[in-house]
Amino acid sequence: MARLEYIHYKPHCAVVESTEVIWKLDTLVRPVERLPQIFWADGTPWHEANLWALEMARNRDVKIKTVHSAFEHIHKYANWLEQEEADWRHFPKSKADRVLVRYRGALIDARDHGELSPSSTTARMNAVIRFYRYAAGRHFISRDAPKWQDKAVVVRYFDTVGFERTMGRITTDISIPNRVRPGFRLEDGLLPLTTQHMTELLKFAKENVAEELFLMLLIGCFTGARIGLS
C-alpha cells in the first residue's frame with residue numbers, strides 16, 4: 001500500500017564553492033511544515049504528485065489545510081493504483097481501459113454501496129482531476145493524452161440583491177456529481193415517528209406550548225406525519 005507522510009520541508013539551493021557543489025539552506029524561501037508526500041509500496045516517492053504538493057504549499061494563496069485535504073484523496077488514489085496494478089499514465093484508445101475511467105467507476109461503486117458519501121466521492125474525483133491538470137501542464141504526461149473531454153457549463157445564481165446572474169465554468173465528462181446513492185431514503189434523512197413518540201410529543205405539547213402549536217402538531221400527526229412501527 002502507498003504511504004502518506006508529512007515532512008518539514010527546508011528549501012536548499014546549490015552553491016558552487018571551489019569547483020564543488022554544496023547544498024545550502026535557502027533563507028529567501030519559506031519552509032513548509034507538514035508537507036504531504038506520497039511513497040509507493042516499494043518506498044519510491046511519487047515525484048510528480050509530491051512536486052504538486054510542494055508547489056501548492058509554497059503558494060501563499062493556498063492554505064496548507066487545502067493541500068492536506070487534496071493529498072488525502074490522492075493517497076487513496078495511489079492505493080487504488082497499487083491494488084489494481086495500474087499505471088497512472090495509462091490512457092489507451094479504449095475509453096473503458098483508461099485509468100481515470102476505471103477509477104471513476106470504482107468510486108461510483110463505493111458510493112452506491114454506502115462505502116463513500118456522495119460528497120467524498122465528488123471531492124476525491126475532483127482532486128484527482130486537479131492533479132492531472134497540473135501534470136499535463138508540467139508535461140509529466142502528454143497534453144494530448146485522452147484523459148477526458150472538457151465541456152463548458154453555465155451556472156445560474158442570484159446575487160445578494162436578488163438579480164439573476166450567470167457564471168461559466170469548465171467541467172469534464174468524468175467528474176462525479178454530488179448525488180445521493182440510490183435506494184429508498186426519506187427527504188433530509190427524516191425518519192417516521194413511532195406511535196409512542198407521537199403520543200409523548202402531543203402530551204408534552206399540550207402541557208407546555210401554546211394551544212395553537214399543539215393543534216398544529218395534532219393536525220399534522222393525524223393527517224400527514226409518517227407513523228412507523230412501534
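1. The protein chain of this predicted model exposes about 15500 Å², of which carbon and sulfur atoms supply 53%. Accessible areas follow the Shrake-Rupley method with a 1.4 Å probe, and for residues only the protein chains shown count as cover. Of the 230 residues, 32% count as buried; buried denotes under 20% relative accessible area, exposed over 50%, and partly exposed the range in between (1.4 Å probe, protein chains only).

2. On conventions, residues are numbered from 1 along each chain as its sequence is written, and side-chain values use heavy atoms, with hydrogens and water left out. As the model is predicted, local features need pLDDT of at least 70 and side-chain atom pairs count only at pLDDT 80 or more, while totals for chains, interfaces and linings use all residues.

3. The protein chain contains six helices and six strands, in the sequence order β-β-β-β-α-α-α-α-β-β-α-α. These elements are DSSP runs numbered from the N terminus (helices: H or I, at least four residues; strands: E, at least two). Among contacts between residues at least 6 apart in sequence, 56% join residues at least 24 apart, where contact means heavy atoms within 4.5 Å.

4. Two packed helices are described by the angle between their axes and the distance between the axes. Helix α2 (residues 64-84) packs against helix α3 (residues 99-112) at an angle of about 105 degrees, the axes being 11 Å apart. Axes here are lines fitted to C-alpha atoms, for helices over the stretch in contact, and angles run from 0 to 180 degrees between N-to-C directions. The two helices α2 and α3 are therefore roughly perpendicular; the classes are roughly parallel under 35 degrees, roughly antiparallel over 145, roughly perpendicular from 65 to 115, and oblique for the rest.

5. From α2, the residues His73, Lys76, Tyr77, Trp80, Leu81 and Glu84 meet Val99, Leu100, Arg102, Tyr103 and Ala106 of α3. By class, this contact of α2 with α3 has seven nonpolar, one polar and three charged residues. Nonpolar covers Ala, Val, Leu, Ile, Met, Phe, Trp, Tyr, Cys and Pro, charged covers Asp, Glu, Lys and Arg, and the others, Gly among them, are polar.

6. Trp88 lies in the loop between α2 and α3 and is buried, at a relative accessible area of 5%. Leaving aside neighbours within four places in sequence, the contacts of Trp88 include Trp46, Tyr77, Leu81, Val99, Phe131, Tyr132 and Phe140. The C-alpha atoms of Trp88 and Val99 are separated by 6.4 Å, at 11 residues apart along the chain.

7. The whole structure holds 16 aromatic pairs. Rings of Phe, Tyr and Trp (its six-membered ring) pair if their centres lie within 6.5 Å, with planes under 30 degrees apart counted as stacked, over 60 as edge-to-face and the rest as tilted. The ring centres of Tyr77 and Tyr132 are 6.2 Å apart and their planes lie at 65 degrees, so the pair is edge-to-face. Tyr77 belongs to helix α2 and Tyr132 to helix α4 (residues 118-137), so the pair ties together parts 55 residues apart in sequence. Tyr77 is buried at 0% relative accessibility, and Tyr132 is buried with a relative accessible area of 0%.

8. Most residues other than glycine have a negative phi. Glu85, in the loop between α2 and α3, has a positive phi near 55 degrees and is exposed at 74% relative accessibility. His139, in the loop between α4 and β5 (150-158), has a positive phi near 65 degrees and is exposed, with a relative accessible area of 57%.
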